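Hi there,

I'm passing a structure over to you, and below it you'll find some notes on what turned up. Have a look at it first, then read on.

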Amino acid sequence: MSFLTTVKHIFCKRRSSEKSKKTASSLISCSTHIKTKAPSTATSTNSRQGNKFKYEDGRRFHADQDVSYILPNDDDETDRVHQQHWILRYALQCNYHAPVTKMLEEGIVVLDSGCGPATWTFEMGENYPQSKFYGIDASRVFPEDIKPANVDFVIGNIAKHIPFPDNTFDYIHQRLLFLGLTNNDWENALKELFRVLKPGGYIELVEPDLQDLHNVGPVLKKLQDTLSEILVSRDMPTKVACQLEERLDKAGFMNFSQKMTPLKLNHTNKAGELLWEDYYHGFCNIRSVLALGDSDWKDIKVYEEFLKECGDEAKKYKTCINYYACYAQKPL
């Protein structure tokens, strides 16, 4: 059994155990996502780098003031991100867009920037055994004891310093950090990524535009507008997906190529249904943050009902999320 298959097996077993407690017709409940046992508000520190946490509303978050990530980093969020990888691969029919397949087959050094639980890193490591893969993240949420032989990890904040020498990597992949980086973080991170990328190497950034959904209705727009207001209050860009080429250009990269894919949200096919499940789950996981913008959402039941209205509306309006992938090169 391959490592990635083992990860899927453990994940699916855990998910199946959870689902057996629910009726077949019920949607995932926000309250069932709270699996970490902790006081409603607390701080836990550990001498190991990447293990400084705080607990809010029963969820575990970063406690490092230099880390801007607003999603939790507990087991439930790890499970969601694992499943999100498989949903995106199914919807997009690929794991990357940059023209690096031949390079990967022959053997290169790859960085997964902001790797999280590293599902992308593991799958790529298994698919391309001749290449070496490194994942970096501010939290120790990736498996460390059992992993493919060509995969390793480091703890680090990409907006501060990436602990590798100049010109180390042939290809850098980064996706879905729009809820984790301020405007200054983006600028600093791209400078660091430019530094560690080899001349002629490729960088790929992938982000969704969640501020302006395609065919959005008033209920879902309220949710997105509230998220945007929270991001603005934290100096985080609301439309970074549409700025990827501009930001890469400012950092010194060249030879840009961008692709936008509209991903269906809760309609038309299985991919749309799966994407909605991830969307719903993700927004459940940031309820405590969004409740700062709408106090009614402090009530879990009220918030769940609101999200269900969003799902019904997305199906009716045939809403889509515009998903941007932009790759570029470091000059020779």
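One definition before the findings: an angle between two elements is taken between lines fitted to their C-alpha atoms, and runs from 0 to 180 degrees between N-to-C directions. Please also keep in mind that this is a predicted model.

With that in hand, look at helix H8, which lies across strand E8 (197-214), E9 and strand E10 (320-329). The helix runs at about 100° to E9.

Those strands belong to an open sheet of seven, in the order E6-E5-E4-E7-E8-E10-E9, with mixed pairing. Strand E6 (151-155) and strand E9 (254-264) are the edges, each pairing on one side only. On average, neighbouring strands of the sheet are turned by 20° against each other, direction ignored. At the E6 end, E5 (residues 132-137) runs parallel to E6 and is joined to it by five bridges; tyrosine 134 stands opposite aspartate 152 in E6.

The largest nonpolar core has 65 residues, and among the members that touch the most others are Tyr279, Phe283 and Leu290. Which helix gives the most to this core? That is H8 (residues 270-285), with seven residues. Beyond its neighbours within four places in sequence, leucine 290 is in contact with several residues, including Leu223, Phe283 and Trp297. A second, separate core of 20 residues includes Tyr96 and Cys115.

Finally, the cysteines. Cysteine 115 counts as buried because its relative accessibility is 8%, under the 20% cut-off. Cysteine 242, at 35%, is partly exposed. The structure holds zero disulfides.

Enjoy exploring!

Methods: Residues numbered from 1 in each chain as written. Predicted model: local features only at pLDDT ≥ 70, side-chain atom pairs only at ≥ 80, totals over all residues. Heavy atoms only, no water. Core = buried A, V, L, I, M, F, W, Y, C linked by side-chain atoms within 4.5 Å. Buried < 20%, exposed > 50% of the residue type's maximum accessible area, 1.4 Å probe, protein only. Helix = DSSP H or I, 4+ residues; strand = E, 2+ residues; numbered from the N terminus. Contact = heavy atoms within 4.5 Å. Disulfide = S-S within 2.5 Å. Pairing = 2+ DSSP bridges.
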